[in-house]
Amino acid sequence: MSNWSRFTALPLMLLGLGSLPASALQPAAADAQTTCPPSAVVPAAGASQAAFDQYSWQMFINLNWPAKPGQRGVADCSKPLGSSGSTVWQTYKSVSETFLPGARDPGPWNSKQQRKNLNLINIAALKNTQVVQSDNQAVGGWLIDQRGNPTYYDIAANEVSYNYIVANNFYNAAIVDAAKTINFPQNAGEIKASWRILTSADDSHRYLTMKALVTRFDAQGQPNGTQEANLGLVGLHIISKVEGFPQWVWSTFEQIDNVPPKVKLGGKWVDQPVSGIFYSYFNAKAPAESLNQSPCLWQQQGGNMVCTPKPGSSFSTPDPLNRVTPITDATLQINAQYQSDPQVQQSVFKYYQLITTQRPQSPDNPGNPLGQPTPSLSANVTMESYIQPSSSCMNCHSMATPLNSQYKSDFSFLFRFAHAPVAGAAKDKE
C-alpha cells in the first residue's frame, strides 16, 4: 500500500480543492496513484499533530504537481510529480496580477500567465510592522542570504480566493477599506513563497527553480534596475480555509539547506551541519548574538518606518540565521515518511521539509475567536526570520485589516496591496 492510500484511509474529511480535476477527487486505484495523488484531506478538529502534518504534506504534493498548460490551478495528471513546467500553485494569481494600478479590474481567473517579476523583499521584522501597499518599499526588513543576495517573496491566491476578491471589487482600495465584512468562502487558499538567487556555486538540482525578472537594489536597499535570475524556492506557506476551520489551517515548508538540522545532546539543542552542504542562511562562524537579528536601522520617511542598513552593513551584507524552535521528532518522522516515498524521491521535493502545521484546536469556541492556535508558535526561517521566538501565523493574521480600515479581513493581508482608483475615472467594468 502506498503512502497516499494509507493516509486517505484515515477518518478524515475530504477537502474539495476545486482546482483539481474531478478524477483527482475520486478514490484512486493503486495503479492510478503513480500518476496523480488523491485530494488532500483535513482532519477533524482535535486530531493529532501527525494527522495535520500528513494533511500538510498532501497539500504540498498536490500543489506542487505540474499544472496543465493554459489552465491555472489545474493539475496535469498525465505527468509525474517533479515534471518540468509550472506547478499548480505557481499558476495562482499573484498580488501583482490581482491588484493593478488604478484599481483596474484584473479580469477572469484563467487569463494568460505573464512573465514572473519579483520585487517584494519585505519580511516581518517587528510584530506590528505595517504591511505597505508598495511592493518594494523597504518596510519590514529584508533577508540577505550567505551569497550576499536578497530573498524575494511572492504572494498568490487560489481560484476561490481570487474570484471572491474580484466579485466584490476588493481589488479597489476604496471599496475594500469601506467593507465592514470580509469573509472568504470555504476552500479559499493563499500561498506565500520565498526565493533566493541561485549562483553558479549553488546546486540547483536541490531546489524547485524558476526564471524570473527580479528588482535589484543599491547599498541602501533602494530599487536599482532589474535583472534576469535563476531562483530557487526556499520557503512556502500554504494557507487553507476549509470546512470546520474558520481560522484557516497554516502549513509551512522549507528547503532543507536553509539552516542545519539540530539534535539534542546533554539537554541542549546542537547544530549538526551535513558535510559538503552549503547552508543558504547559516554561518557557523557567526557570533551567537548576531543570529536572527534584523538588519534594519528604522527611520521615519513619508509617514512610514523605513528600514535602512545598520551602520557597518549594506544591502548585500548576509543576515545569518538559525532555527529557534526545533522541528519536533513527530514532524521529522512524517517528513522522512513522505521524503522516502518513490514519487517524492524521484523529484526535487525530497529536498523540502515541513516545519509545522498550525491550526485552531477549538475552532468553534465562542469564548476564544482565535480557536486556540496549536502549536502556539509557527515560524519559517525565511519569512519570520527575526521574530521566531514569538511568531504565530494565526495570531499575526488575526489582526489583518485593509490598509485604511479598522475592520478585520479574515486572516488575510492580501488587501494591503489594493490600489486606489484613479481620481475622477469611471470604474473599469471589463
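Helices (H or I, at least four residues) and strands (E, at least two) are DSSP runs, numbered from the N terminus. The model is predicted, so local features need pLDDT of at least 70 and side-chain atom pairs count only at pLDDT 80 or more, while totals for chains, interfaces and linings use all residues. Residues are numbered from 1 along each chain as its sequence is written, and side-chain values use heavy atoms, without hydrogens and water.

**Exercise 1.** Describe how H2 packs against H6.

*Solution.* Start with the geometry: H2 (residues 49–63) and H6 (residues 329–339) pack at about 35°, with axes 10 Å apart. Axes here are lines fitted to C-alpha atoms, for helices over the stretch in contact, and angles run from 0 to 180 degrees between N-to-C directions. Next, look for the contacts (heavy atoms within 4.5 Å): Ala50, Asp53, Gln54, Trp57, Gln58 and Ile61 of H2 meet Thr331, Ile334, Asn335, Tyr338 and Gln339 of H6. Finally, sort these residues: five are nonpolar, five polar and one charged. Nonpolar covers Ala, Val, Leu, Ile, Met, Phe, Trp, Tyr, Cys and Pro; charged covers Asp, Glu, Lys and Arg; the others, Gly among them, are polar.

**Exercise 2.** Find which element gives the largest share of the lining of the second largest pocket.

*Solution.* A pocket is an open set of points on a 1 Å grid over the protein atoms alone, with protein on both sides within 12 Å along at least five of seven lines; lining residues have an atom within 4 Å of a point. List the 25 lining residues; Ser94, Val95, Ser96, Glu97 and Asn117 are the closest to the centre. Then keep the elements that give two or more: H3 (95–98), S4 (117–118) and S5 (151–157). H3 gives the largest share, three residues.

Technical notes:
On a 1 Å grid over the protein atoms alone, a cavity is a set of points where a 1.4 Å probe fits but cannot get out, and a pocket is an open set with protein on both sides within 12 Å along at least five of seven lines; lining residues have an atom within 4 Å of a point.
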